[in-house]
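My notes follow the model.

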Amino acid sequence: MFRTHGFTIATRATVTAATMGLLFSPVLGGASSAKTGGDQSPQQLAAQAQGALRKATSVRLHYQDRSAAAANSITLPTAMDLALDRQGNCAGSLTLGTHGGMVQIIKRGAEVWLKPNAAFWTSELPGERGATAAKTFKNHYIHGSTNDMVFSGVVNACNLQDLQSAATASPPATLKEGLATIVNGTRVVPLSFEANGLTSTLYVTTGKPHLLYRASQKGPGTDLTLTFTDYNKPVPAKIPPASASLDVSKLQSLLGTASPGPA
């Protein structure tokens, strides 16, 4: 089976798992001993940031996985930069592990466009088929509908509501506040906790409304970062022209597969 379908599923699973682990860890026992300053506890700041994420109509998500497992894989993402909204529209790019290549992603309504680069094709399809695919789709998007199985992982990854529906857990009681700092020009306060040998840190903007700017998780075999920007900014609506797109049937023909209809 063509691994592109596998990579979309892996992308979905990896990003979801990372998000759940970073933001919505189970409540832990004990009281926080951190000095929070003002009248806001670390738990209140985290809850306000989660609330803002749940209410957002759109957001831009930048995901990075610096672990050795991702770096050495050609199917797991090492980076994703994706603007997405509550209607399921999205635009951005996905980078896979060593020699795995990069894929540009656009989803608008029920239409999807993917533009893998040559490195992606040669790693996904070794030998002549990879070279043929790279040549066939050079400078072109693969265009199809959300009913095409090739795009199933993209459809799921573009759903902001799934991420928001998970932002309901209470912040851990052991959450500790650090000193305010500036990350990429944004003034934030770090809120951290430890669980299962991993340290998770939420970076919440100091100004109101308090927004989740970044979440990181580090530990043995784990080095993940999620950055949230462009709250409530519309997803870019530009779509590729027909001249720069090839129908997904060309890919299916190359692979010797057919696209199933809606489930």
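**Aromatic cluster**

I checked Phe 137 for burial: its relative accessibility is 2%, so Phe 137 counts as buried. I am working on a predicted model.

I then looked up Trp 121. It has 1% relative accessibility and therefore counts as buried too. The cut-off I applied to both is under 20% relative accessible area. Phe 120 is also buried.

Next I asked how many aromatic pairs the structure holds. I found two. In one, the ring centres of Phe 120 and Trp 121 are 5.4 Å apart and the planes meet at 75°, so I logged this pair as edge-to-face. The other joins Trp 121 and Phe 137. I logged that pair as stacked, with 5.3 Å centre to centre and 20° between the planes.

Where do the partners Trp 121 and Phe 137 lie? I placed Trp 121 in helix H4 (residues 118-124). Phe 137 is in the loop between helix H5 (128-136) and strand S6 (141-145), so the pair ties together parts that are 16 residues apart in sequence. I noted that ring pairs link Phe 120, Trp 121 and Phe 137 into a cluster.

**His 210**

I moved to the loop between strand S10 (198-205) and strand S11 (212-219), where His 210 lies. Is His 210 buried or exposed? Its relative accessible area is 7%, so I recorded it as buried.

I looked up its side-chain polar contacts. A polar atom of the His 210 side chain lies 2.9 Å from the backbone oxygen of Thr 205. The side chain also reaches the backbone oxygen of Gly 207, at 3.5 Å.

Leaving aside neighbours within four places in sequence, I listed the contacts of His 210; among them are Gln 40, Leu 45, Ala 52 and Val 204.

Terms used: Residues are numbered from 1 along each chain as its sequence is written. This is a predicted model: local features need pLDDT of at least 70, side-chain atom pairs count only at pLDDT 80 or more; totals for chains, interfaces and linings use all residues. Side-chain values use heavy atoms; hydrogens and water are left out. Rings of Phe, Tyr and Trp (its six-membered ring) pair if their centres lie within 6.5 Å; planes under 30 degrees apart count as stacked, over 60 as edge-to-face and the rest as tilted. Buried means under 20% relative accessible area, exposed over 50%, partly exposed in between (1.4 Å probe, protein chains only). Helices (H or I, at least four residues) and strands (E, at least two) are DSSP runs, numbered from the N terminus. A polar contact is a pair of N or O atoms within 3.5 Å; within protein, one must be able to donate a hydrogen and the other to accept it, and residues adjacent in sequence count only if both atoms are side-chain atoms. Contact means heavy atoms within 4.5 Å.
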